[in-house]
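I opened this notebook to record what I looked up in the structure, strand by strand and then residue by residue. The entries follow the order in which I went through it.

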Amino acid sequence: MAPARLRTIEDLGDLATKTVLVRADLNVPLEDGRITDDLRITATAPTLQELLDAGATLVVCSHLGRPNGKRVDALRLDPVAARLSEVLGQPVRKLDEVTGTEVQRAVMSASAGSVTLLENLRFDPREEANDPEFSSDLASLADLYVDDAFGAAHRTHASVVGVALRLPSAAGRLMQREVEVLSRLRGAPDLPFVAILGGAKVSDKLGTITALVERVDALLIGGAMAFSFLAAEGVAVGRSLVEPDRFDEVRAARRAANARGVRIQLPEDVLAAPEPGADARPNVFGVEEIPAGQMGLDIGPATVRAFAGTISSAGTILWNGPMGMFELEPFEAGTRGIAEAVARSPGFTVVGGGDSLAALRRFGLAGRIDHLSTGGGASLEFLEGRELPGIAVLMEEGT
Ligand code: AMP
């Protein structure tokens, strides 16, 4: 039997005169009602454009933030509709409800080739509950369903799972590309395969570390999570962020890596300061010399050189998580150095996670990465080898 295959837009047949419900991931960061990063909108736009070009009429839906089943004005999708309209170069009619008679009426009367955007799905508590009635209401709006929301594929929510079971359904191009690229990393990456992990909390990434140790040749660890690795081995790391209740798991991950001959590369030096702050004046210390009253807030220059050396000879690179508190200028050099090394690499490069993507865009390097993964949690769960419910419903056995 052929392996299971992801259904794609081709499987939906002729789209002319069809209404397609598209589950997109338009969960963009907002500040005072302004979109600060529109990557998720631009990344899904080619799918929408392709469907429109094929003659479809679109009803688009997405979540935004965590309104927890309530209407939250700051999380309405109006700014998203405005930006989507600019990107598509055509009007996007934004509705103020998710389901109900008004929505039914608006969609029924939508003109051919138009784009209608529903209100934030998570304003309705039935979305996250995967409520069958809510799934049916959404499904009743369209003839076909396309899921392009890779970032939500690890959620068993109504718009991700329930609707896919009620309409002829397929993955959009962004979803398709995410699955192809991440499957390549999970299956047959070009070697050496080097993963770079960073960020604040080691607890969030232990599952990923354990899974990656089975697949990679080297694992480079920066960010605050590196301090749990150092402290678990008895290194005094001053006031740096550590999670002592995870030290046993950290040591176990290290033993597993050793047993498989996987090199775990930790920082040799760090930038430390008494406090984080935009006007902090950090100093470089070897990791064994961090003063008791100071916090390590970025990797140091020797570490950037060492990590860059490993990165330069990699066949495949996966990066997720910043190397330090890069939002603050005094602590951005480590993340910048790693971003540059990844961008320079001749290997196949994949970057995921909101902070790493924001860093790449800030440094003007996003265009030099082979694949920007829009799904933070979803990409990591996929790489761990877990079945994502939103993808499982789009698979069919090959013939
Ligand atoms: P996470 O959400 O776990 O991926 O962590 C991302 C956050 O980690 C970013 O906001 C960084 O500012 C923060 N971060 C990275 N390195 C450090 C560090 N050494 N100390 C404190 N925070 C850090």
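**Entry 1, a bridge in β14.** I began with Asp269, whose bridge partner in β14 is Gly286. Strands here, like helices, are DSSP runs numbered from the N terminus, a strand (E) having at least two residues and a helix (H or I) at least four. I note that this is a predicted model, in which local features need pLDDT of at least 70 and side-chain atom pairs count only at pLDDT 80 or more, while totals for chains, interfaces and linings use all residues. Residues are numbered from 1 along each chain as its sequence is written, and side-chain values use heavy atoms, with hydrogens and water left out.

**Entry 2, the surroundings of β13.** I then followed the pairing of β13, where two strands count as paired if DSSP finds at least two bridges between them. Strand β14 (residues 283–286) runs antiparallel to β13, with 4 bridges between them, and strand β15 (residues 295–299) is likewise antiparallel to β13, also over 4 bridges. On the β15 side, I found Gly296 opposite Ala272.
For the cover of β13 (residues 269–273), I found 5 of its 5 residues buried, where buried means under 20% relative accessible area, exposed over 50%, and partly exposed in between (1.4 Å probe, protein chains only). I recalled that in a regular strand the side chains alternate between the two faces of the sheet. In β13, one side carries Asp269, Leu271 and Ala273 and the other Val270 and Ala272, and all of them are buried.

Which residues come nearest to the ligand? Of the 14 residues around the ligand, I listed Ala200, Gly296, Met325, Glu327 and Asp355 as nearest; a residue belongs to this set if one of its heavy atoms lies within 4 Å of the ligand. The shell divides into 6 nonpolar, 4 polar and 4 charged residues, with Ala, Val, Leu, Ile, Met, Phe, Trp, Tyr, Cys and Pro counted as nonpolar, Asp, Glu, Lys and Arg as charged, and the others, Gly among them, as polar.
I next looked at polar contacts, meaning pairs of N or O atoms within 3.5 Å; within protein, one atom must be able to donate a hydrogen and the other to accept it, and residues adjacent in sequence count only if both atoms are side-chain atoms. A polar backbone atom of Ala200 is 2.8 Å from an oxygen atom of the ligand. Taken alone, the ligand exposes 510 Å², of which the protein buries 81%, the areas coming from the Shrake-Rupley method with a 1.4 Å probe and, for residues, only the protein chains shown counting as cover.

Strand β16 (residues 316–320) has 5 of its 5 residues buried. Thr316, Leu318 and Asn320 lie on one side and Ile317 and Trp319 on the other, and all are buried. β16 runs parallel to β10, with 5 bridges joining them, and Val194 stands opposite Ile317. A further 5 bridges join β16 in parallel to strand β17 (residues 348–352), where Gly352 is opposite Asn320.

Contact means heavy atoms within 4.5 Å, and, leaving aside residues up to four places away in sequence, Gln265 touches Leu219, Leu220, Ile221, Ala306, Phe307 and Thr310.
I found Thr374 in the loop between β18 (371–373) and α14 (376–383), and at 5% relative accessibility Thr374 is buried too. With the same exclusion of residues up to four places away, the contacts of Thr374 include Asp25, Arg40 and Glu178.

I noted a cis peptide bond between Leu191 and Pro192, with omega about -5 degrees; Pro192 sits in the loop between α7 and β10 (193–197). Thr17 is not a glycine, yet has a positive phi of about 70 degrees, and Thr17 counts as exposed because its relative accessibility is 72%. Asp32, also not a glycine, has a positive phi of about 50 degrees and is exposed, with a relative accessible area of 84%.
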